[in-house]
Every structure is written in structure tokens, then in C-alpha cells.
Amino acid sequence: MINVKFLILLITLIISTILSLYIFSKEAEKDKSFNSDTNIKVLNRGEDRITLKPGYEKIGNLQARKVDSWSRETPSSSMRVAQYKLDYVRGNGQLVVFSGIGGSPDENIQRWYKQFKSESSLPIAETSSNWEIVASQLEIKFVYFEGTFMKSDMRMNSVTEELKDYALLAAIISGANEPYYFKMTGPSSLIKSQKSLFESFIQSIQKL
């Protein structure tokens, strides 16, 4: 005759095995469903899991809608969070992103003014356009002006080239732990053609 205790133990073991297999299969289905979602990009490099929105890319602690016509490059300086080439055909036009740099937003705008020489009788600061918006709970300050760009060698602190009919279009984003500076420079005609796209790109930015 079969021992009652042994029978109960055997039945318990069988039920536990079936339950474990069921739970494992459900977890596997969940993982498969997550990994098959190609519209979500997950980044994890020893930090909290970061999920990017479809069509977005990571810029520091921010995410922004990717612009296909801009070519992202390896930053040429450790001070730059990101760097883009706007026009590979003619080799001009650049967007660089900074964060963690010294000075207030207004102080950095004043520094940008000094990088340009006015092509009129008025100072650059007086011909500059400035406007502010709030998007995704971020405060954004835009600035745009034109003139002769005094391209310099930052290491030598000297002007290497004077580029006439150039423009600067920039956005300063506050509210993401520290300010982010998006600075676009290039020929005036190119920067004007990128203005609407740049504003749309900036307004898409969200904190991660």
C-alpha cells in the first residue's frame, strides 16, 4: 500500500513543478514582448534604465527628436555634450551642445556677442533677436543674430578667420539640473533655412 505521506509529498511536488513552469513561461512571454518592441530604445550603462521615445535620441540627460538631415559627430572637445554637422556638401554649419560650463545664460550670450563683429553701425547686441518659451516644463531662451564670425583658436585665444555674413542661432534650456546650451553657427542663408527646424527640435526636448 502506498504511504499516504509519500503520496501527498509527490502530489505537492508535481503541483509545484507545474506552477513553476507556468510562471516561467509567462515571464518569457513578457520579456519577448518587451524585446520585440523596436519603437523603444533602452539605454543602460550601469545607471537607471532609460527609455527613449520613438524617433528620439539621448543628449546628456535630455532626449530630443532626431533630425535626419543633421549628421551627428563625435564631439571635438570634452566640453561638448553633442555635435552635429548641418551641411556636409559645402562643409559648413554646425550645432554644438554644451552643459556644465561656467557663467550664467546671460553671461554666455554676452560672450557670444563678442564672437561676432557687426556689419552695420549698430552693435551686435542691438540687432539680436531674443525670445523665450516654456515647453515640457523647461524654460527655453532663444537668441539669433548675424554678423562677421570671428572664428578663434580657443587654445591660443586668437582669431584665426573672419567669416562674413554668418549667423548664430542658439537656445538655452533651464530646468534640467543644469543649463544646456544649443549653439548653431554657419552662413546666414543656411542658418535661416534651419530656423524652423531648430525651434521644432528644441521644443521636442524632454528630461530623462
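# Reading salt bridges, sheets and cores

Visitor: How many salt bridges does a search of the whole structure find?

Guide: The search finds five salt bridges. This is a predicted model, where local features need pLDDT of at least 70, side-chain atom pairs count only at pLDDT 80 or more, and totals for chains, interfaces and linings use all residues. Residues are numbered from 1 along each chain as its sequence is written, and side-chain values use heavy atoms, with hydrogens and water left out.

Visitor: What counts as a salt bridge?

Guide: Side chains of opposite charge can pair when their charged atoms come close. The cut-off here is a side-chain nitrogen of Lys or Arg within 4 Å of a carboxyl oxygen of Asp or Glu. Take glutamate 57 and arginine 72: their closest N and O atoms are 3.1 Å apart. Glutamate 57 lies in strand 3 and arginine 72 in strand 5 (residues 71-73), so the pair ties together parts that are 15 residues apart in sequence. Helices (H or I, at least four residues) and strands (E, at least two) are DSSP runs, numbered from the N terminus.

Visitor: Is glutamate 57 buried or exposed?

Guide: Buried means under 20% relative accessible area, exposed over 50%, and partly exposed in between (1.4 Å probe, protein chains only). Glutamate 57 has 12% relative accessibility and counts as buried.

Visitor: Which residues are linked in a network of salt bridges?

Guide: Asp106, Glu132 and Lys141 are. Within that group, lysine 141 and aspartate 106 meet at 2.9 Å, N to O. Lysine 141 lies in strand 10 and aspartate 106 in helix 2 (residues 105-114), so this pair ties together parts 35 residues apart in sequence. Lysine 141 is partly exposed, at 21%. Aspartate 106 is partly exposed too, at 45%.

Visitor: Where do glutamate 162 and lysine 117 lie?

Guide: Glutamate 162 lies in strand 11 and lysine 117 in strand 8 (residues 116-117), so their pairing ties together parts 45 residues apart in sequence. The closest N and O atoms of this salt bridge are 3.2 Å apart.

Visitor: Now sheets. What is the order of the open sheet of three strands?

Guide: Strands of a sheet pair through backbone hydrogen bonds, either parallel or antiparallel. Two strands pair here if DSSP finds at least two bridges between them. The order is 3-4-13, with antiparallel pairing. Strand 3 (56-59) and strand 13 (206-207) stand at the edges with a single partner strand each, so one side of each has no neighbour in the sheet. Strand 3 and strand 4 (residues 62-65) pair over four bridges. One is between isoleucine 59 and leucine 62.

Visitor: How many bridges join strand 11 to strand 12?

Guide: Eight, and the two strands run antiparallel. Tyrosine 166 stands opposite proline 187 of strand 12. The hairpin of strand 11 and strand 12 has five residues between the strands, and glycine 175 takes a positive phi near 110° there. Strand 12 also pairs with strand 7, antiparallel, over six bridges. Across that pairing, valine 97 stands opposite phenylalanine 182. Eight of the eight residues of strand 12 are buried, so the strand is largely enclosed by the rest of the structure.

Visitor: Which residues touch the most other members of the largest nonpolar core?

Guide: In soluble globular proteins, nonpolar side chains tend to be buried together. A nonpolar core is a set of buried Ala, Val, Leu, Ile, Met, Phe, Trp, Tyr and Cys residues joined through side-chain atoms within 4.5 Å. The largest has 29 residues, and Trp70, Leu95, Phe182, Phe198, Phe201 and Ile202 touch the most other members. Its largest share, five residues, comes from helix 4. Another core, of 16 residues, lies apart from it and includes Val143, Phe145, Phe149 and Leu168.

Visitor: What is methionine 184 in contact with?

Guide: Contact means heavy atoms within 4.5 Å. Leaving aside neighbours within four places in sequence, the contacts of methionine 184 include Trp70, Leu86, Leu95, Ile191 and Phe198. Methionine 184 lies in strand 12 and is buried, with a relative accessible area of 0%. Methionine 184 and leucine 95 are 89 residues apart in sequence, yet 4.2 Å apart C-alpha to C-alpha.

Visitor: Where is the kink in helix 4 centred?

Guide: The kink is centred on lysine 195 and is about 45°. Bend is the angle between axes fitted to the seven residues ending at a residue and the seven starting there.
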